[in-house]
Amino acid sequence: MKFKLIALGVISCFFGCKSSHQKANYDAQSGATKIVNTIHYSQEKHLKNIQQLTFGGDNAEAYWSFDNSKLVFQATNKDWNLQCDQIFTMNINEDLSKGKIPQLVSTGTGRTTCSYFLPGDSTIVYSSTHLADKNCPPTPKKEDYGNKYIWPVYEGYDIFIADTKGNQLKQLTFENGYDAEPTVSPKGDKIVFTSTRTGDLELFTMNIDGSNVQQITHELGYDGGAFFSPNGKQLIFRSSRPKTPEEIKEYKSLLKQGLVQPTHMELYICDVDGSNLRKITNLGNANWAPFFHPSGKKVIFSSNHKSKRSFNLFMINVDGTGLEQITFDKVFDAFPMFSPDGKKIVFSSNRNNNGTHDTNLFIADWVE
């Protein structure tokens with residue numbers, strides 16, 4: 001799911017993994033006094049040889065193939081004749097700088113989010129509303145909800161498998177309501193996803209053929225954007241869990257309307273069966289888009305806890321200690337994912353966009 005930054009530090013998103021995480025709605029300069037086009041900030045000591053992969057539109061939630069050579073991602077780009085997010089694949093050495101359109105693998109209709117390679121790298125799993133409606137679903141207006149930022153949880157989302165040429169192969173979920181945000185275990189045996197099938201936004205796992213669905217989380221609140229640990233034994237995810245009577249009332253009221261308000265989220269880890277659940281951040285604001293470091297001992301994630309006006313990448317130990325800032329962008333960095341071999345990282349950023357609304361994909365060598 002894609003978060004997006006807008007004026008006055010209010011956050012919005014691509015909903016799906018991020019939700020889940022929509023079309024860009026940023027303040028182009030986010031309060032900056034001048035446009036500074038930078039690809040690599042000097043403080044970013046863990047990143048080397050940063051390369052920009054996309055060049056316009058909204059590109060986010062890029063995830064690696066098992067063989068470290070390809071990415072699957074979602075994009076909205078008017079130059080590609082898209083009205084809302086669709087799923088594409090590309091080789092990491094593919095040149096899109098001159099307007100080349102990468103391989104479309106979703107249907108081109110409805111809205112999509114959260115895609116991931118399946119074992120063998122010849123098929124992908126993704127979420128889409130195309131069976132419910134071929135048109136893009138409407139985006140709610142925050143003005144109708146007290147000017148608060150809200151995410152739509154479209155009940156038309158289901159989870160599908162397609163091959164890397166765009167042939168639609170199989171539907172995995174058939175429940176009423178929202179089924180989305182699928183990611184795949186490095187072991188290649190399970191998919192984790194978020195669903196409203198119980199009346200709340202909970203995490204579930206299933207086999208990669210859609211069988212053996214198991215509920216993982218059970219507490220009130222939005223649990224989503226989950227990823228497996230490198231050994232496939234744990235899950236890291238974001239959660240906004242209401243506690244006070246007022247928060248609970250508002251959460252339930254919005255969810256009945258197919259909405260959530262994701263401005264306060266923290267990170268949780270649990271075993272793949274839901275046991276040993278523990279909260280690892282308590283930073284305030286929105287902490288999300290987590291992914292395990294290749295060692296399995298740390299987590300990289302996006303956060304605006306330092307400033308509501310900007311999201312950057314941070315690293316933290318799985319016990320909640322050792323917080324370290326990784327990127328130093330002025331607007332938005334998110335959706336980090338290490339390549340399976342641990343040598344590279346991909347992320348989405350507003351850097352180097354000449355003050356436009358564009359969010360692009362970047363890869364870099366990872367330096368410990």
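## Aromatic pairs and a cluster

Rings of Phe, Tyr and Trp (its six-membered ring) form a pair if their centres lie within 6.5 Å; planes under 30 degrees apart count as stacked, over 60 as edge-to-face, and the rest as tilted. Tyr 63, Tyr 116, Phe 227 and Phe 291 make up one aromatic cluster. The structure is a predicted model: local features need pLDDT of at least 70, side-chain atom pairs count only at pLDDT 80 or more, and totals for chains, interfaces and linings use all residues. Residues are numbered from 1 along each chain as its sequence is written, and side-chain values use heavy atoms, with hydrogens and water left out.

The whole structure holds 19 aromatic pairs. One of them joins Trp 151 and Tyr 222. Their geometry is edge-to-face, with 5.7 Å from centre to centre and 80 degrees between the planes. This pair links distant parts of the chain. Trp 151 belongs to strand E10, Tyr 222 belongs to strand E17, and 71 residues separate them. Strands (E, at least two residues) and helices (H or I, at least four) are DSSP runs, numbered from the N terminus. Are these two residues buried or exposed? Trp 151 is buried, at 0% relative accessibility. Tyr 222 is buried too, with a relative accessible area of 0%. The cut-offs are these: buried means under 20% relative accessible area, exposed means over 50%, and partly exposed is in between (1.4 Å probe, protein chains only).

## Salt bridges

A salt bridge is a side-chain nitrogen of Lys or Arg within 4 Å of a carboxyl oxygen of Asp or Glu. By this rule there are 14 salt bridges. One of them joins Glu 94 and Lys 100, with the closest N and O atoms 3.0 Å apart. Glu 94 is buried, at a relative accessible area of 17%. Lys 100 is partly exposed, at 45%.

## The network around Arg 241

Which residues are linked in a network of salt bridges? They are Glu 219, Asp 223, Arg 241 and Lys 243. Take Glu 219 and Arg 241: their closest N and O atoms are 3.3 Å apart. This pair links distant parts of the chain, 22 residues apart. Glu 219 sits in the loop between strand E16 (214-215) and strand E17 (222-228). Arg 241 sits in the loop between strand E18 (234-240) and helix H1 (245-256). Glu 219 is partly exposed, at 36% relative accessibility. Arg 241 is buried, at 11%.

Asp 223 and Arg 241 also meet in a salt bridge, at 3.2 Å from N to O. Asp 223 lies in strand E17 and Arg 241 in the loop between E18 and H1, so this pair ties together parts that are 18 residues apart in sequence. Both Asp 223 and Arg 241 are buried.

## Charges over rings

The rule asks for NZ of Lys or CZ of Arg within 6 Å of the ring centre and within 35 degrees of the ring normal. The charged end of Arg 197 sits over the ring of Phe 204, at 5.4 Å from its centre.

## An open sheet of four strands

Strands of a sheet pair through backbone hydrogen bonds, either parallel or antiparallel. Here, an open sheet of 4 strands has the order E3-E28-E27-E26, and the pairing is antiparallel. Two strands pair if DSSP finds at least two bridges between them. Which are the edge strands? They are strand E3 (47-52) and E26, and each pairs on one side only. From one strand to the next, the twist averages 25 degrees. Axes for such angles are lines fitted to C-alpha atoms, for helices over the stretch in contact, and angles run from 0 to 180 degrees between N-to-C directions.

Why is E26 (residues 333-338) largely enclosed by the rest of the structure? Because 6 of its 6 residues are buried. E26 is joined to E27 (residues 344-349) by 4 bridges, and the two run antiparallel. Asp 333 has Ser 349 in E27 as its bridge partner. The two strands form a hairpin with 5 residues between them. In the turn, Gly 342 has a positive phi of about 75 degrees. E27 is also joined to E28 (residues 360-366), by 6 antiparallel bridges. Ser 349 stands opposite Asn 360 in E28.

## An exposed loop residue

Ala 132 lies in the loop between strand E9 (123-128) and strand E10 (151-152). Ala 132 is exposed, with a relative accessible area of 56%. Ala 132 and Val 299 are 167 residues apart in sequence and 36 Å apart in space, C-alpha to C-alpha.
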